[in-house]
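Let's take a walk through this structure together. Have the sequence and the 3D view open as you read.

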Amino acid sequence: MNNPYRPYPVKISKTLVETEDKQLKSFWLDFLEPADAQAFQYTPGQFAELSVAGYGEIPIGIASSPTEGDTLLFTVNKVGVVSNRLHQMNQGDVMGVRGPLGNSYPLKEMEGKNVVIVAGGFAVTTLRSTVTWLLHPDHRSKYGDITFIYGARTPGLLLYEDQWREWQKRDDINCAVTIDREAEGWDGLVGFVPSVCEEVAPKPDNAVALICGPPVMIRFTQPVFDKLGWQSEQIIMSLENRMKCGIGICGRCNVGPEYVCKDGPVFSKAQLDALPAEY
Amino acid sequence: MSDKILKKDQAASFLAELAQKRDLHAPALAGGRLVWAPLEPGQEPLWQFNNTALSPKEFFFPQTECMMRFTNAQDHEEGMVMHSEPELARERALVNMRPCDAKAFGVLDLIFCQDEMTDDPYWRDKREKSLIIALACNDPCPTCFCTSMNCGPHSEAGADVLLIDLGDKLLAKGVSDQGEAAIAALPAATDDDLAAAAEAKQMAEAAIITTVEMDQINERGLMELYEAGHWDRTQESCLNCGTCTFCCPTCHCFDIQDETQGPAGRRVRNWDYCMSYLFTLHGSGHNPRGSKKDRVRQRFMHKFKYIPVKRGGEIGCVGCGRCVQLCPVNIDVREVVRDMNA
Amino acid sequence: MDNQAIAQGIREAAQRLLAEGLVDCVLGYEAGTVPMRERPFFAYTPEEALRLTWSGFCCNNLANFLIRRPQGETGKVAVVAQGCVSRNIVGLIKEHQLSREQVHVIGVASPGMLDRDKVQAAVGADKVISAAHEEGDELLVEGPGWQERLERKKVMRDNCYTCVQRNPVIHNELIGEESEPTHGGVIDKVAAPWEKLDPSERLAAFGENYQDCIRCYACRDACPLCYCHVCFVDEAKPQWCGKTQDEADVLTYHLLRAFHCAGRCTDCGACESACPQGIKVRRLTGKIEKDVREFYGYAPGLDEESVPPLSVHKPDDPQGFIK
């Protein structure tokens, strides 16, 4: 019998402390069994349970894109028992991955449209996956203009610097990376994500926005998009709730009748408006 | 066609036959409490009893269940490889299950086994290896309200065989293929037997003294129900303990924990409950259901709105009345449904 | 005074307090929806106060709700309190969870509360009970087509036999008369079963006592001593206690909880009344309270002045039991 609770064994092939506060660490994972890599077919927006025997599991968004090969990338915030243990683990260590889980960004429905991606802090993970996927030569031509707005408090808290620096050099994506306040050595944008959104002023016509970030960023970004004339159907968000099973049974991640782990984590704002705000 | 007759004085030998390839369990009295216990081959089960204090969900969804084992050696490749637990070794027959409990497992099948991805192997294995012989209720308790919950004292859903007590004999109805096979060798019921069974059913249904309506709950939008004023009162005396969820045949929330001791480790799942503050607490400290009201509302909304919306009208309650009897502060689900439906 | 008269007295007091705006809410009991289970009731208006009742099945400890009020509700509350409940209110005041001014105590002498499990066992586990009324020293139990009279004192809760304080130790008003101080049981005997056993037998006896525990934590949640925001048993960082049904985890929970109640437990029996599995939870707390009485000469909540011995250190604290 197929067992959705059994993690695939993977080896950590590389790690990187991503932020100056050392709270975020990235892990590149390779499957031990080629068949498992084959079975793990994912789409940007999905997540997986990272499984550390003896400690437990945590749901983490997949930051890599399937267009990058079989290696998976996860960036983990150090908050709980499992993530603290993970932060002590190194290249060569073996752990487990269970997934892919949840739905994904509506990449198919987004075809032919302009795409605006807004990310704050470490919520950028699955959006890194999405941008990488969209920019891939097989996909880029199916979409209109792509705008990527990403902010963090300080330069040292921005993730994936190599990637977004590269994106900034390209002419097929408008990449605006900002920090909250002036900082030494920073020559990029300064200002909160909502004000940068106001400046960039993405047009709602034939467009979709993917917005992920801390609640305070969402709270102040929302009115900006409203003012620009965006409808809640056009705004796509990704939720995080405490999870265990990851497959829609164990009962804790639900928002109304919808399970974040199975029916989400990706919801349109229109969907969320009709549900209790239990996230 | 498939309705048979089992004489009570032949029940023990009928069950002994089943016991050749199955472990038998049935409700029994232990220390003045009604519990599920192994039934020895040749032993006659109880025919007269109220609901067991706890539901028999433990047979398919044990309160603590080892999901897999691992070697606690993290520097070694083998150390992180999980080995699933072996499957249930011997098939079993659950004898004289109440129809409401059997119905509950039919509802839970829809949750544990939703589709290809969400197909819980631990649940499925035990379900497939269990024969459920339900015993229709002829004397429902005052707390029973099954007839309001897509169920009833003679409900067949979820059972393989339904027995109906006709005095010194039982009418045996084959409900599933497995159930029909189990009773194939019994003599056929007569028209008189069928008429007696129909009368027993009618009387049992009439003996259900409390009913609740669901029409408004079904009709109203979920935010209207969610924001209703009664929740402040509903939750007032709730202790946020797990009694209602743990005795409930349809509550199915669980937690997954890793445990290690020396070189051995295991991943276990334990019953969990939505009344617990920790159930939804984020690592950041944020809690989407941070207040008692949020948690109490979740339990009832889940049963009476979320599950019906998600599972084609099935209700997350079968009206067994256990929570009514056991809640330490007597929060009565029937009153809550009436408030939701008001 | 019979139950009806006391109930009437409670209703009148509650109506007056609410009508005069002296309290925001009166915490009392109302009739439950099933026999033998009166339930906590929060009366906010004089009309609601008419729902208040009184009987031998008022088994919840209402002091519990004084510390579990909705956020933001800080106004004065009146609470119906028997002896043990009043002792818990004193305990909460001593532990700075509550101030005396915040609570108006409507005192009622306890007649010794009744144990619904004992009633059910007395009439037979398979019988459906549809009503139970107290008539003097008797309990009239009724079901479909039958009636049975039980002696009240034979179906009392265990803790009510050994109660040493049936009358409220503090009250703003008293409904009915004071009653005899005890029911004649000897409280030290609760601990006796453990004391006869050697350590390995004790472990086995613990296991047996708690074998039916389903870890719903009703005992903890019904207890006015358990007000930690995060209980040790729920704590995840570090995790003190396993979450399984294994005996070690179950016993860890019960033993640690009992120790957290040491020198604080008033033997109100709310834990046993709440337990859906009929577990004798008091056996452990009873032993610990006996030790506290013997070592420190202290029983919790009997007065407002004395200092709880386990919350202070004195150089001459007895320590002979530390081995």
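We begin with a note on the model, then go through domains, chain contacts, a core and a sheet.

This is a predicted model, in which local features need pLDDT of at least 70 and side-chain atom pairs count only at pLDDT 80 or more, while totals for chains, interfaces and linings use all residues. Residues are numbered from 1 along each chain as its sequence is written, and chains are lettered from A and ligands numbered from 1 in the order in which they are written.

Let's start with chain A. Its domain assignment gives domain 1 (8-101) and domain 2 (114-238); such bounds come from an automatic or database domain assignment. The C-alpha centres of domain 1 of chain A and domain 2 of chain A are 24 Å apart. Where they meet, 16 residues of domain 1 of chain A are in contact with 14 residues of domain 2 of chain A (two residues are in contact if their C-beta atoms, placed from the backbone, lie within 7 Å). The side of domain 1 of chain A that touches domain 2 of chain A has 4 nonpolar, 8 polar and 4 charged residues. Here Ala, Val, Leu, Ile, Met, Phe, Trp, Tyr, Cys and Pro count as nonpolar, Asp, Glu, Lys and Arg as charged, and the others, Gly among them, as polar.

Also in chain A, look for Lys169(A) in helix H4 (residues 161-169). Helices (H or I, at least four residues) and strands (E, at least two) are DSSP runs, numbered from the N terminus. Is Lys169(A) buried or exposed? Lys169(A) counts as exposed because it has 9 C-beta neighbours inside 10 Å. The rule is that a residue is buried if 20 or more other C-beta atoms lie within 10 Å of its own, exposed if 12 or fewer, and partly exposed in between, with C-beta atoms placed from the backbone.

Now turn to chain B, where 44 residues are in contact with 37 residues of chain A. S10(B) gives the most to the side of chain B that touches chain A, with 6 residues. That side divides into 22 nonpolar, 14 polar and 8 charged residues. The contact between chain B and chain C takes 36 residues from chain B and 29 residues from chain C. By class, the side of chain B that touches chain C has 16 nonpolar, 14 polar and 6 charged residues.

Next comes the largest nonpolar core, with 262 residues, of which Ala134(B) and Val79(C) touch the most other members. A nonpolar core is a set of buried Ala, Val, Leu, Ile, Met, Phe, Trp, Tyr and Cys residues joined through C-beta atoms within 7 Å. Leaving aside neighbours within four places in sequence, the contacts of Ala134(B) include Met97(B), Pro99(B), Ala102(B) and Leu162(B).

Finally, chain C is divided into domain 1 (3-115 + 156-311) and domain 2 (119-155). The contact takes 8 residues from domain 1 of chain C and 10 residues from domain 2 of chain C. Chain C also holds an open sheet of 3 strands, in the order S6-S7-S8 with antiparallel pairing; two strands pair if DSSP finds at least two bridges between them. Strand S6 (131-135) and strand S8 (146-151) of chain C stand at the edges, each with a single partner strand, so one side of each is left without a neighbour in the sheet. S6(C) and strand S7 (residues 138-143) of chain C pair over 5 bridges, and Glu138(C) in S7(C) is the bridge partner of Glu135(C).
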